[in-house]
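Here is a friendly note to read alongside the model. Take the points one at a time, with the picture open beside you.

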Amino acid sequence: MKNNDTSRREFLTAALMAGIAGGCSSNNTFRPGEDQIIPSGEMVKLLSVDGEIIEVDKAFLKPIPELPPITNSEERIGIEGKKFVMVIDLSRCKNVGACKSECNHAHHLNPGQNWIKIHAMQEAEHTAPYWEPATCMHCDEPPCVKVCPVDATFKRMDGIVLIDSDRCIGCRFCMAACPYSTRVFNWQEPVAEKEIATQHYSCETSVPQKIGTVSKCDFCPDMARKGELPHCVSACPNGVFFFGDMNEDSVTNGAETFRFSDLIKDKAGYRLMEDLGTKPRVYYLPPVNRNFPFETGLKTDTIEKNNAK
Amino acid sequence: MENSTSITSEIITNDLLPQKFGKLGMIWTGVLIAFCLVGAFAYYLQLKNCLSVTAMRDYVSWGIYISNFVFFVAISLVGSLITAVFRLANVKWSTPLTRIAEIIAVSAILFASLIIIVDMGRPERLFNLFLYGRLKSPIMWDVIVIGTYLFLSLLLLYFPLLPDLKILMGSRKGSTKKYNKLYHFLGSFWKGGRLQNMLNKRAVNVLCVTIIPVAFCIHTVTSWLFATTYRPGWDSTNFGAYFISGAFLVGAGGVLIAMYIFRKAYNLEKYITEKHFDKMGRIVVLLALLYLYFNVNEYLVPAFKMKKSEDAHLTQLFAGDYAPIFWFAILAGMIIPILILIFKKGRKPLPALIAGILVVVGAWFKRYLIVTPTLLHPFLPMTDVPENYKHYFPSWQEWAIAMGSLAGALLIITFFARVFPIIPIQETINEQHETTAK
Amino acid sequence: MKQLQNKLRIVISTIILITGIKAISFAQDSIVAPVLLDIKYFVSDRQAPYLIVKTKIKKERKFLPVKDITVVVFLNEKSNTSTLGKIITNEKGEGKIIIPVSFKSTWDSSSEFTFKATSEPVGKTEALTAEVVIKKAKLVLDTLNEDGVRSIRITSLEKNGSEWKPVKGVEVKIMVKRLLGDLPIGDEESYTTDSSGQIIAQFKRDSLPGDINGNLVLLAKTEDNDLYGNLLIEKNCKWGKPLQDNNDAFNSRTLWGAHFKTPFWLLGIAYSIIIGVWGIIIFLVVQIFKIKKLGA
Ligand code: SF4
Ligand code: SF4
């Protein structure tokens with residue numbers, strides 16, 4: 001009986017989610033949205049492709065199942081069975097900044113705050129300049145977490161480093177400790193619409209920002225729970241960002257999906273500041289065979305935007 | 001003491017009892033209170049608008065609050081130096097200076113903890129440190145060790161005070177009358193019996209032994225707040241020793257100043273003699289040389305290699321925007337005081353005072369240099385931030401709070417000297433007896 | 001007339017832009033584009049076919065969703081009796097309609113359908129229409145393992161009268177299901193069925209991690225096929241490498257661990273120092289009381 005139930009649930013949900021949420025995987029311990037569905041007991045009749053009539057529990061028909069809110073302790077443990085990873089392909093970046101604006105928008109960041117920074121890099125006088133978008137590296141041995149006195153920033157099982165703004169005391173030690181300078185501080189009361197500002201703070205969405213606390217890129221675990229990509233990944237028109245799960249050994253930018261290990265091997269992926277021993281979870285593909293010359297990113301308006309925002 | 005034979009216990013007591021503020025004392029106290037009030041008002045503004053009233057931003061996320069904190073912690077080390085080290089080494093001449101050093105230590109460490117709370121974005125969440133404290137964070141170590149040091153310093157102030165309290169209570173002088181209740185509360189039980197004296201002495205000895213390692217810890221841990229990060233200029237294995245030597249220097253400089261002022265204000269020429277300036281002067285020279293040595297280590301070695309990350313930072317210090325402050329801190333904080341104090345004439349009270357002031361001011365700027373320029377040289381370029389995030393100059397609120405805290409520390413010392421004898425009476429008398437007996 | 005219509009369209013879209021999608025803040029500075037309506041047909045191997053309607057506008061090179069548009073979908077003809085359903089697009093600009101059971105006889109009677117989607121002109125908003133013609137079809141997925149070479153056979157079948165007949169020239173993507181984006185099983189992006197309606201594709205993802213038992217979900221689909229819409233089939237197989245999720249770092253006592261996961265050496269050092277020093281402090285405080293007692 002039990003068996004039957006599960007399989008039915010599986011195939012139905014799979015069908016219903018397909019095309020809406022991009023599908024869900026049944027080959028893993030974690031299935032976005034699915035585990036939380038509670039059958040309502042109310043059956044609905046449906047027509048199959050062969051013209052047969054089948055019955056389905058109404059609860060499975062909701063296009064996006066309502067996810068129950070996650071508790072703080074669950075947020076601190078993370079999504080079981082996952083090891084999230086990001087790959088940033090420098091050969092495709094031309095400083096469009098869509099990732100940044102989408103991220104700022106989704107997380108209600110204030111002017112002057114950017115979780116994604118697109119650095120104009122040039123290692124030495126005669127080396128090639130390139131654009132380098134940088135997020136939080138979600139280091140496996142995160143120096144920021146080491147120094148936090150109150151567990152306000154923490155490392156999760158799925159590899160993500162998050163911030164609990166309800167606990168942070170604003171000492172800013174983590175900002176000094178992060179070698180990637182990725183953390184931003186709310187120096188004043190963050191401006192946000194009322195319905196955002198009055199929400200309960202969630203570590204996974206990092207919303208709403210709280211005065212006197214730190215924030216940074218969070219890898220959008222709330223989106224992953226829904227089976228969706230982080231905002232920057234889906235926003236980039238050039239497919240620079242790839243996101244995925246090391247346990248599944250694949251990363252995707254929405255349009256293309258690669259086997260993570262192959263991608264890193266073929267394109268000689270590397271991580272930033274390997275010598276510091278922070279073990280980042282963000283990998284970079286070197287800026288070779290570029291899609292755009294560096295100069296295309298130098299459009300004055302982008303530069304201005306970068307400096308102003 | 002030079003003319004020791006002629007001094008009787010009564011005269012000593014009379015000379016050393018706390019005195020009412022004179023006119024100058026009133027003005028001094030008034031000015032300090034004014035500074036504190038301005039600082040308090042600035043802090044009120046900061047509480048209202050959070051840290052946005054400061055000039056700190058995402059890159060320079062620590063500013064003069066933290067430099068001030070380091071300065072306070074540094075100067076507080078002097079308590080252990082003058083009192084504990086000298087006592088254990090059986091250095092007799094330092095007796096009149098012990099209480100000065102101890103009260104400097106207590107007030108400095110008190111304000112160190114206050115200024116660190118001022119620096120917090122969410123001071124009302126201080127209790128989180130006790131609810132969720134992570135023993136792995138150097139901040140936690142600092143909290144523990146500062147609390148311990150404060151407690152030990154208070155004890156070190158208190159034990160030697162006990163005999164004096166009895167003298168104070170017995171005194172008929174009007175200037176101490178109104179504090180009798182306080183004296184009673186603190187030391188009504190002190191009879192001065194042999195057993196009491198013995199217990200007291202033992203306690204002080206135990207304290208002296210304990211406070212030295214704790215004092216080393218407090219400043220080493222403070223240096224680790226920086227040295228445990230990767231930043232150029234902070235990423236150094238030398239930092240603990242470097243900080244401690246600097247701390248001893250600034251503390252000794254502070255004592256020079258305090259000696260001069262108390263001597264003038266309370267007419268203590270008989271007790272704080274030129275011999276004391278001479279000896280303290282020598283010690284400052286020694287400590288300044290030591291600190292200079294660590295400075296050479298700290299700057300020369302990385303400058304020899306000029307790693308890319310250090311390059312920008314060091315060039316800024318040696319020849320860039322921060323060069324004036326840097327060379328001022330080196331010259332005023334070490335070299336000039338050495339040049340003054342190395343000569344016998346330079347160890348007279350007035351030049352010694354000047355040297356002391358140079359040391360302390362130089363040390364304050366040194367702390368500023370340790371914190372700020374480093375933060376302006378992150379590993380990745382400063383990108384996607386408003387232009388004003390790329391510089392740092394403290395706002396008036398920061399100055400007001402920092403100066404207010406310095407004034408507050410001085411105020412505590414001033415009030416303490418008003419209520420308690422700044423030179424231990426009983427110990428001076430005892431020593432007097434010993435010398436006469438010889 | 002045509003010009004007028006175009007102008008009207010621009011005006012309408014502007015209104016929609018300003019009122020309907022305030023959420024998309026950066027749309028303001030863009031050139032106004034018309035709202036587009038789109039309808040797609042989906043069928044998975046074993047279950048109810050459904051339709052997805054989408055309302056969107058084009059901005060720069062991206063489509064942005066338009067929400068809160070009421071769309072009615074009809075089967076074959078626009079009439080009350082053939083109304084499949086009515087939906088309001090959500091914030092992703094999407095709405096979904098499942099073919100109701102009451103259409104069983106119509107559904108059985110033919111193997112080719114037209115789905116029509118229309119949105120009423122609301123206020124000044126212009127009416128939008130879209131339609132899609134599909135034939136009933138399905139995919140079949142078999143896993144083959146010959147001489148250790150793993151491959152997947154896909155058969156595409158079309159309903160012809162009461163029979164399912166293989167069709168050639170259908171473009172099919174074959175993937176392994178993954179959480180955020182499915183991974184192609186080989187280097188090819190897609191495959192096309194041969195004259196027997198078949199594809200044999202080699203599985204080149206050796207030792208790809210599956211679940212803890214090594215299960216993978218294989219999946220084949222057509223994407224917006226002109227004739228058949230979106231067909232999908234999934235199948236579990238045991239071709240994966242069993243997942244070894246390693247949480248040692250998370251569970252062990254490290255310097256970046258949480259509150260309760262302090263390394264023992266640190267605990268030992270810290271507590272012995274704290275206890276030692278505070279022990280002395282307590283001793284000293286006791287001394288004060290001893291002195292006090294003597295004086296009392
Ligand atoms: S990049 Fe910085 S903030 Fe992110 S995990 Fe690493 S150290 Fe922490
Ligand atoms: S600022 Fe907040 S998150 Fe950062 S170390 Fe301090 S308490 Fe932790």
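1. A word on terms to begin with: contact means heavy atoms within 4.5 Å. With that rule, 60 residues of chain C are in contact with 62 residues of chain A. Please keep in mind that this is a predicted model, where local features need pLDDT of at least 70, side-chain atom pairs count only at pLDDT 80 or more, and totals for chains, interfaces and linings use all residues. Residues are numbered from 1 along each chain as its sequence is written, chains are lettered from A and ligands numbered from 1 in the order in which they are written, and side-chain values use heavy atoms, leaving out hydrogens and water.

2. How much area is buried between chain C and chain A? About 5,000 Å², with 58% given by carbon and sulfur atoms; buried area is the accessible area (1.4 Å probe) that two parts lose on being put together, summed over both. Look for L179(C), L180(C) and W256(C), which supply 18% of what chain C buries against chain A, more than any other three residues.

3. Three salt bridges are counted between chain C and chain A, a salt bridge being a side-chain nitrogen of Lys or Arg within 4 Å of a carboxyl oxygen of Asp or Glu. K92(C) and E228(A) form a salt bridge, at 3.3 Å from N to O.

4. Now turn to chain A and chain B. Their contact takes 52 residues from chain A and 44 residues from chain B, and the buried area is about 3,900 Å², 56% of it from carbon and sulfur atoms. On the chain A side, I169(A), F173(A) and W187(A) supply 20% of the area buried against chain B, more than any other three residues. The rule finds three salt bridges across this interface. D384(B) forms a salt bridge with K100(A), and their closest N and O atoms are 3.2 Å apart.

5. Which residues are around ligand 2? Among them are C148(A), C168(A), C171(A) and C174(A), along with I169(A) and R172(A); a residue counts as near when one of its heavy atoms lies within 4 Å. The shell divides into nine nonpolar, two polar and one charged. Here Ala, Val, Leu, Ile, Met, Phe, Trp, Tyr, Cys and Pro count as nonpolar, Asp, Glu, Lys and Arg as charged, and the others, Gly among them, as polar.

6. Ligand 1 has C136(A), C139(A), C144(A) and C178(A) around it, including also H138(A) and K216(A). By class, its shell has eight nonpolar, two polar and two charged residues.
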